[in-house]
Amino acid sequence: MRTDEATEIRRPIRAWLPVPALIALAAAPLVLHWLGNVDDQRLVDLDVYRTGGEMVLAGRPVYDFATPAPQLLPFTYPPIAALLATPLAAMSWTAAQWVWTAGIFATLMVAVRYGFRAVWERLDRARPPAGARWTPPRSLWTPLAFAFLTVACTYLMPIRDQVRFGQVDILLVALCLADCAARRPAWPRGMLIGLATAVKLTPGVFLIYLLVTGFGPGARPEQRRALFMAAFTAGLLTLLPFAVIPADAADFWFRALLDPERLGSNAATTNQSMRGMLIRLYLPDALTSLLWLALVAAVGWCGFRRARAALLDGDAMTAVALTGLMAVLLSPVAWIHHLAWVVVVLGAIAGDGRDPVRVRVAAGVWLYYVVPIPWWGVALKAAEIPVLSPVLGKLVQNAFGLGALVLVWLLGSWLPGRRVTFRTFQASDVEFSARFRTAAG
C-alpha cells in the first residue's frame, strides 16, 4: 500500500475523533436538565424497564407491579423486554441512568448515519466551491455535518422526550433502519426488525412492509428473505419467555396486552395516534372505534402502497420513513416520543441536500417538531375563548398527529414529483450551459 493511500484511510478516523465531544457539549444542557430532575420525575420509563428486570431476577410477577408514587407505572412491554432489562437491574440506579442516556445518543447517531446517508455520500464527492476564501479541510466536512445534524435531531421534541423519560424508541428506530438500509449487513437481514418487534410490538409494521415489497409485481427476493428472518426472530423471542418465565408470558399475552389503559390515559395530549385524536373528540365509543378502523384501513393502504412504490423506485429511505410513520399513526396509542421516526423523515426529505426546496421543507418539518405545538393547543383550550378554544385549540392539540398525516402525503406524493421537477431543472440547466459555451466559442 502506498503512503498516500494509508494517509487517506487514517485521516477520516482522526477527523471523526472530535465528533462525540461536540455532540456531548451541545447536548449537555438537555441531559443535565433531565438527569438533574427530581428523583420521582427522572427517566420514569427507564425506571419501568429496570424494575421489570428486577422482578424477573426476584422471581416476582412482572405485570403486577407499579413503580413508586406518584408515577405508579406498570410494565407494558412483552416479556422478552423484561428479560433483556435484567442487566439494568444489576446496575445501580445512577449508573443505569447514565448508561441508558449514552445509549440513546449512540442509537441516535446510528439513525442519523443511515437516515442522512445521501448527504454523506455527496460530501465525500464534493469539492470546495469556486471562489471560496476558506473552507474546512475536506476530511472534516462529513464529521462536522454529522455532528450538526445529530445535534439538530437531538432537540426535536420526540428525541428530547427520549432523554426526559429514558425511552426506548430511538433504539427501535435504529434497529429497523439499519436492517433496511445497511448495504452489507453483518447480521442476517430481518433479524433486527424481528428483535425490535419482539421488544415492542409497533415495529411489526415492518413485517407488513417486507411482505408488500417481497411479493407481487416487481417484488424483491431479498425483501422476502428478510421477512422470513424477521418473522422467525420475532417468533423465537416471543416463545422464549414461555420457557423462562411462563407465568409472566401468559399474563402478558392473555391479560395485560388486552388492557389499553395500562399504557396511560388514551385521551391524553401526548397520544398523537389517529385513535388518540378521535378519542379527544369525545364521540360515542362505538362510533370512535368505527371511524378509527376506517382510518387505519385507508391510511395503512396509502402508506404501505407508497412505501412499496418508493422502494421499487430506488428510494429506500422514503420507504422506511413512510413505514415508520405507519407505526405511529396506526397504533392505538402513540406517545409523542414514538415520533422519533421524524429523524428518518428529515433524511428522506432532504435527500443529498442539492435541492434547496427539499432542504427548506426539511428545515420547516424540523422546526415544526422542535416546538411543543400540542401544548399550545392545551393552553388555548384552557383559555375558554368561545369558538376559538374548542375548535382551533383541538386542532393545535393534535398538531403532531395531523403533521404525521401530512408527512405521509409529503413523502408519498409531493416528494416523487419534486424529484422529477429537480431532475428536469438540472437537465435544462446543463443544456443551457452547453448552448452558452457553444455560442461563446
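Visitor: Which residues line the largest cavity?
Guide: In this predicted model, the lining consists of Asp169, Leu172, Val173, Lys200, Thr202, Pro203, Ala327, Val328, His338 and Trp341. Two elements, α10 and α17, each give two or more residues to that lining. The most comes from α10, with 3 residues.

Visitor: What makes the space a cavity?
Guide: A cavity is a set of points where a 1.4 Å probe fits but cannot get out. The search of the whole structure, for cavities of 30 Å³ or more, finds 1. About 90 Å³ of space lies in the largest cavity.

Visitor: How is the lining of the largest cavity divided by class?
Guide: Its residues are 6 nonpolar, 2 polar and 2 charged. Asp and Lys count as charged, so Asp169 and Lys200 are the charged residues of this lining.

Visitor: What is known of the second largest pocket, and how much space lies in it?
Guide: The second largest pocket holds about 870 Å³ of space. Its lining has 42 residues, and those nearest the centre are Ala118, Gly314, Asp315, Ala316 and Met317. Elements giving two or more residues include α6 (93-115), α7 (117-125), α17 (316-329) and α22 (399-440). The largest share, 5 residues, is that of α22. By class, the lining has 18 nonpolar, 8 polar and 16 charged residues.

Visitor: Why is the pair of Phe206 and Tyr209 called edge-to-face?
Guide: The ring centres are 6.1 Å apart, and rings pair if their centres lie within 6.5 Å. The planes of Phe206 and Tyr209 stand at 80 degrees, and an angle over 60 counts as edge-to-face. The pair is therefore edge-to-face. Phe206 and Tyr209 are 3 residues apart in helix α12, which means a separation of about one helical turn.

Visitor: How do you know whether Phe206 is buried or exposed?
Guide: Buried means under 20% relative accessible area. Phe206 has 0%, so Phe206 is buried. Tyr209, at 2%, is therefore buried as well.

Visitor: What kind of aromatic pair do Phe116 and Trp120 form?
Guide: A tilted one, with 6.5 Å centre to centre and 50 degrees between the planes. Planes under 30 degrees apart would be stacked and those over 60 edge-to-face, so the rest are tilted. Phe116 and Trp120 are both buried. The structure holds 14 aromatic pairs. One aromatic cluster is formed by Tyr49, Tyr63, Phe75, Tyr77, Trp100, Phe252 and Trp253.

Visitor: Where does the charged end of Arg224 sit?
Guide: Over the ring of Phe215, 5.3 Å from its centre. The distance cut-off is 6 Å for CZ of Arg, with an angle condition of 35 degrees from the ring normal. Arg113 likewise lies over the face of Tyr114, at 5.4 Å from the ring centre.

Visitor: How many disulfides does a search of the whole structure find?
Guide: The search finds 0 disulfides. For Cys176, the nearest cysteine sulfur is that of Cys180, 6.7 Å away. A disulfide needs the sulfur atoms within 2.5 Å, so Cys176 is in no disulfide.

Definitions and conventions: Residues are numbered from 1 along each chain as its sequence is written. This is a predicted model: local features need pLDDT of at least 70, side-chain atom pairs count only at pLDDT 80 or more; totals for chains, interfaces and linings use all residues. Side-chain values use heavy atoms; hydrogens and water are left out. On a 1 Å grid over the protein atoms alone, a cavity is a set of points where a 1.4 Å probe fits but cannot get out, and a pocket is an open set with protein on both sides within 12 Å along at least five of seven lines; lining residues have an atom within 4 Å of a point. Grid points are joined across faces, edges and corners, and a volume is the space filled by probe spheres set on the points. Helices (H or I, at least four residues) and strands (E, at least two) are DSSP runs, numbered from the N terminus. Rings of Phe, Tyr and Trp (its six-membered ring) pair if their centres lie within 6.5 Å; planes under 30 degrees apart count as stacked, over 60 as edge-to-face and the rest as tilted. Buried means under 20% relative accessible area, exposed over 50%, partly exposed in between (1.4 Å probe, protein chains only).
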